[in-house]
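User: I would like to go through the labels given to parts of this model and the grounds for each. Please set the values against the cut-offs where a cut-off is needed.

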Amino acid sequence: MTGKLPFEALSVETLAARLGANDALCSHIGKDTSRWKVREVGDGNLNLVFIVEGAQGAAVVKQALPYVRLVGDSWPLPLKRSFFEYHALTRQQARAPGSVPAIHHFDEGQALIIMEYLSPHIILRRALIEGRQLPNIARDIGLFMARTLFRGSDLHMATRDRKADLALFADNVALCDITENLVFSDPYFDAKMNRHTSPQLDSIVAELRADRDLKVEAQRLKHIFAANAETLLHGDLHSGSIMVTETETRMIDPEFAFYGPIAFDVGMLLANFWMAFFSQRGNEQNGKRDTMRAYLLDVTVETWSVFRSEFSHLWRTERTGMLYQKSLFEDQGDRLGAEQALDHMLHQVWTDMLGFAGVEVHRRILGLAHNADFETIADADLRATCEAKALKFGRQIAVNRRQIHSIDEVNKLAALIERENRI
Ligand code: SR1
Ligand code: MG
């Protein structure tokens, strides 16, 4: 296939004929297309994802569609998101080696990426719903965030390279637009594509939408998201964008990548652990989930702590960019000045992270794109109870973020709300 052919969506039936001559794919799975088995496994909101197995191995073929898969062709979406995903993956691999799938081939015209088939990995969200405790996720994700977010910023990069990258990713307008609307605005009014568990949550939703402080806070966060081009973000770092085994963790799907605030990836990720925490009650039929709940809170503590300490380590050892130059601090014998600036930066990330986490919780319960943690709770009353607690938690961490000083404080709040009988 060449990049010059007009775009055409692949299908299970056509994939072997269309990619049978692709050297990269053949070298990984074998040339004999009669032995290829193709499955379409995409369960995300946007793209096609095929697993192709051949005589010598397997690979993943991911292809963007010219519209939002979740909604249909009434919502067109640029194929170029595949280009941003490819370029984000190459940068993440360089900045946090081993944290993303290996890329075998990219075809911009067909908006497709051929990449490593991760097996026996499963989606982290699925594992958490099943009540599985993975020992390494906090460390692996904390390191991934610190390394990609630090090394993609003006703290580390040569300013010319960073500006070129900023320009490259600035065109990811349509995907940013999804986040800007779906995360920061739609949950706070009766936007057309919103849905929630009704009628159980109706009065809570009305109250939330009438909450002026919350609405203002959500817009302040949107402003930070849109205006603070600090680093190359993953842009959609939730538990559905992470694949795991007992010992391995890989981040996938960075098609929302763009230059934004460091705190966004961290907040979105931690929000998904807190939502997993609040949804455990809905999955308790097969046994108590107290240990799982405790595990999830521990994961938030460890993720934040690993992020913080790796970010601090990189600050001390790899601060080669134009910001907070060593020539102003360490080289003048002012190591404490550099530490003071680091403290200040981490404090800002902490405060904004809580806000981003709060709005992420809200949008997954009130907006268009819900998550399976709550959606798989079949009993609507039980689901609404879990969701109402998460909504309350999200509101408190978003609005009170400047008064919350530690992750233990946040987790005490989560545990308190979780134990409430009435909502
Ligand atoms: C229309 S896309 C909805 C959501 O799916 C993606 O995974 C992102 O989270 C986006 O917000
Ligand atoms: Mg995705």
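User: What makes the sheet an open one, and in which order do the strands run?

Analyst: In this predicted model, 5 strands form an open sheet in the order E1-E2-E3-E7-E6, with antiparallel pairing. Strand E1 (37-40) and strand E6 (103-107) stand at the edges; each has a single partner strand, so one side of each lacks a neighbour in the sheet. From one strand to the next, the twist averages 20°.

User: Why are E6 and E7 called paired?

Analyst: Pairing requires at least two bridges between two strands. E6 and strand E7 (residues 112-116) are joined by 4 bridges and run antiparallel, so they count as a pair. Across from Met115 in E7 stands Ile103.

User: Why is Val68 called buried?

Analyst: The label applies under 20% relative accessible area. Val68 has 3% relative accessibility, therefore it counts as buried. Val68 is part of strand E4 (residues 67-68).

User: Which residues does Val68 touch, leaving out those up to four places away in sequence?

Analyst: Val68 touches Asn45, Leu46, Trp75 and Leu77. As for Pro78, its C-alpha is 9.4 Å from that of Val68, and the two residues are 10 apart in sequence.

User: What is the confidence in the protein chain, and where is it lowest and highest?

Analyst: The mean pLDDT of the protein chain is 96, and 98% of its residues reach 70 or more. Confidence is lowest in strand E5 (residues 72-76), with a mean of 93, and highest in helix H5 (residues 137-151), at 99.

How values were computed. Residues are numbered from 1 along each chain as its sequence is written. Chains are lettered from A and ligands numbered from 1 in the order in which they are written. This is a predicted model: local features need pLDDT of at least 70, side-chain atom pairs count only at pLDDT 80 or more; totals for chains, interfaces and linings use all residues. Side-chain values use heavy atoms; hydrogens and water are left out. pLDDT is the predictor's confidence in each residue, from 0 to 100. Helices (H or I, at least four residues) and strands (E, at least two) are DSSP runs, numbered from the N terminus. Buried means under 20% relative accessible area, exposed over 50%, partly exposed in between (1.4 Å probe, protein chains only). Contact means heavy atoms within 4.5 Å. Axes are lines fitted to C-alpha atoms, for helices over the stretch in contact, and angles run from 0 to 180 degrees between N-to-C directions.
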